[in-house]
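Have your viewer open as you read.

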Amino acid sequence: MKPRIQYTQPSISELEVQYVTDAARHGWGPRCYEYIGRFEAAFGRHLGVRHAIATSSCTGALHMGLAALGIGPGDEVILADSNWIASVAPAVHLGATPVFVDICEDTWCLDPAKVEQAITPRTRAIIAVHLYGNLCAMDELLAIGARHGIAVIEDAAEAIGSEWQEQRAGSMGRFGVFSFHGTKTMTTGEGGMFVTNDADLFERVLGLSNHGRLKGQTRQFWPDLLGFKYKISNLQAAIGCAQTERIDELIERKRAIMANYRRRLGGLPGLSLNPEPEGTRIGAWMPTVVFDSELGITRERLLARFAENNIDARVFFYPLSALPMFQGRIPAAGGHSASIPERAINLPSFHDMTEADIERICSVVETLHAEAWR
């Protein structure tokens with residue numbers, strides 16, 4: 001049996017080991033938030049945003065941001081049907097109703113035309129998820145939000161390194177959120193980041209992130225409101241500091257892997273890869289292949305063939321509307337959201353993968369395509 005090819009794993013250098021060792025040895029007492037502050041400042045500079053709050057997860061960052069906007073029962077939140085549960089769960093936990101709309105065929109991200117059609121007097125937010133590092137049509141979505149007075153939120157969990165018209169993903173909406181899960185381009189093991197240019201929103205989220213203790217409160221153990229506990233640890237932030245110092249290297253490696261896949265597979269008829277339209281630059285977190293339905297290459301067939309070759313692969317996200325907690329309760333978007341996951345697969349893209357790994361992966365895809373094309 002050939003060695004297992006993982007779909008993703010982090011790149012940890014001696015710099016991360018050095019920083020986290022220092023945090024473990026010295027990052028207590030008066031230094032217990034030192035790496036957290038450094039991490040927030042460095043990541044904010046990278047994005048070009050005024051405010052950043054490190055969190056225990058991207059989901060927690062989104063939860064606090066939505067709560068700070070006052071979203072709750074009776075409100076509607078629009079997002080794409082093709083998404084991971086983390087993008088919708090915070091809205092549901094706050095009592096809001098999700099509204100699922102279809103994705104664009106080429107980008108696999110939120111379709112602005114469908115968003116416009118879904119707006120009602122109860123719509124309070126649009127969550128634009130930059131799926132797999134691909135980019136939502138931010139100009140159109142921001143214009144829709146401005147026209148209707150609706151907050152546009154960027155879920156950039158998968159979009160570190162992606163840019164829309166020279167603006168970094170996560171920096172354009174009312175607020176943005178990021179993930180540093182162990183599968184992401186940069187990692188803290190588990191962790192996330194809330195970012196915004198809105199000073200008032202930043203102060204509200206900052207208070208919520210610390211059990212509701214607001215800035216300026218002098219009484220010890222006196223929360224001003226009911227908040228959350230979504231703070232990252234100093235140890236995790238130490239890893240994040242090192243990863244942020246290496247962020248350009250980490251992004252460029254992802255892009256190089258994507259370029260290799262594009263050179264090898266991009267010319268196959270009936271096969272689509274992550275798009276990179278003019279004026280954009282994708283971080284290429286998760287290279288993905290989508291087969292035209294006429295080829296008859298299904299998700300199950302893809303998984304089986306990859307398993308035969310001892311290659312790990314991820315399925316395209318199932319429609320949220322198909323999950324047990326939403327099925328029959330929230331209308332399905334249908335269309336591309338229903339069709340694409342049935343004939344797509346995420347390809348391995350970890351930092352240290354070799355040319356031989358990419359060769360093995362591409363050979364599987366090419367063989368399947370040749371069988372179907374005949």
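## The annotated lysine

A word on the record first: UniProt positions follow the numbering used here, feature names are shortened, and annotations may be inferred rather than shown by experiment. With that in mind, UniProt lists Lys184 under "modified residue: N6-(pyridoxal phosphate)lysine", in an unreviewed entry. Residues are numbered from 1 along each chain as its sequence is written, and side-chain values use heavy atoms, with hydrogens and water left out. The model is a predicted one, so local features need pLDDT of at least 70 and side-chain atom pairs count only at pLDDT 80 or more, while totals for chains, interfaces and linings use all residues.

Where does Lys184 sit? In the loop between strand 8 and strand 9; strands (E, at least two residues) and helices (H or I, at least four) are DSSP runs, numbered from the N terminus. Lys184 has 13% relative accessibility and counts as buried, where buried means under 20% relative accessible area, exposed over 50% and partly exposed in between (1.4 Å probe, protein chains only). Leaving aside neighbours within four places in sequence, Lys184 touches Ala157, Glu158, Ser179 and Trp285, contact meaning heavy atoms within 4.5 Å.

## Two cavities

Next, the holes. A cavity here is a set of points, on a 1 Å grid over the protein atoms alone, where a 1.4 Å probe fits but cannot get out; lining residues have an atom within 4 Å of a point. Grid points are joined across faces, edges and corners, and a volume is the space filled by probe spheres set on the points. That rule gives 2 cavities of 30 Å³ or more.

The largest cavity has a volume of about 80 Å³. Lys184 turns up again here: of the 13 lining residues, Gln9, Lys184, Thr185, Lys254 and His351 lie nearest the centre. The lining splits into 4 nonpolar, 6 polar and 3 charged residues, with Ala, Val, Leu, Ile, Met, Phe, Trp, Tyr, Cys and Pro as nonpolar, Asp, Glu, Lys and Arg as charged, and the others, Gly among them, as polar.

The second largest cavity holds about 40 Å³ of space. Its lining includes Phe43, His46, Leu47, Arg168 and Phe178, and divides into 6 nonpolar, 3 polar and 1 charged. Helix 2 (residues 34-47) supplies the largest share of that lining, 3 residues.

## Charged pairs

Side chains of opposite charge can pair when their charged atoms come close. Counting a side-chain nitrogen of Lys or Arg within 4 Å of a carboxyl oxygen of Asp or Glu as a salt bridge, the model has 20 of them. Take Arg122 and Glu76, whose closest N and O atoms are 3.6 Å apart. This pair links distant parts of the chain, 46 residues apart: Arg122 is in the loop between helix 5 (112-118) and strand 4 (123-129), and Glu76 is in strand 2 (residues 76-80). Arg122 is partly exposed at 40%, whereas Glu76 is buried at 11%.

Over at Arg305, the partner is Glu371, with 3.1 Å between the closest N and O atoms. Arg305 belongs to helix 10 (residues 299-308) and Glu371 to helix 12 (residues 355-373), so the bridge ties together parts 66 residues apart in sequence. Arg305 is buried at 19%, and Glu371 is partly exposed at 29%. Through shared partners, salt bridges join Arg301, Arg305, Glu308 and Glu371 into one network.

How values were computed:
On a 1 Å grid over the protein atoms alone, a cavity is a set of points where a 1.4 Å probe fits but cannot get out, and a pocket is an open set with protein on both sides within 12 Å along at least five of seven lines; lining residues have an atom within 4 Å of a point.
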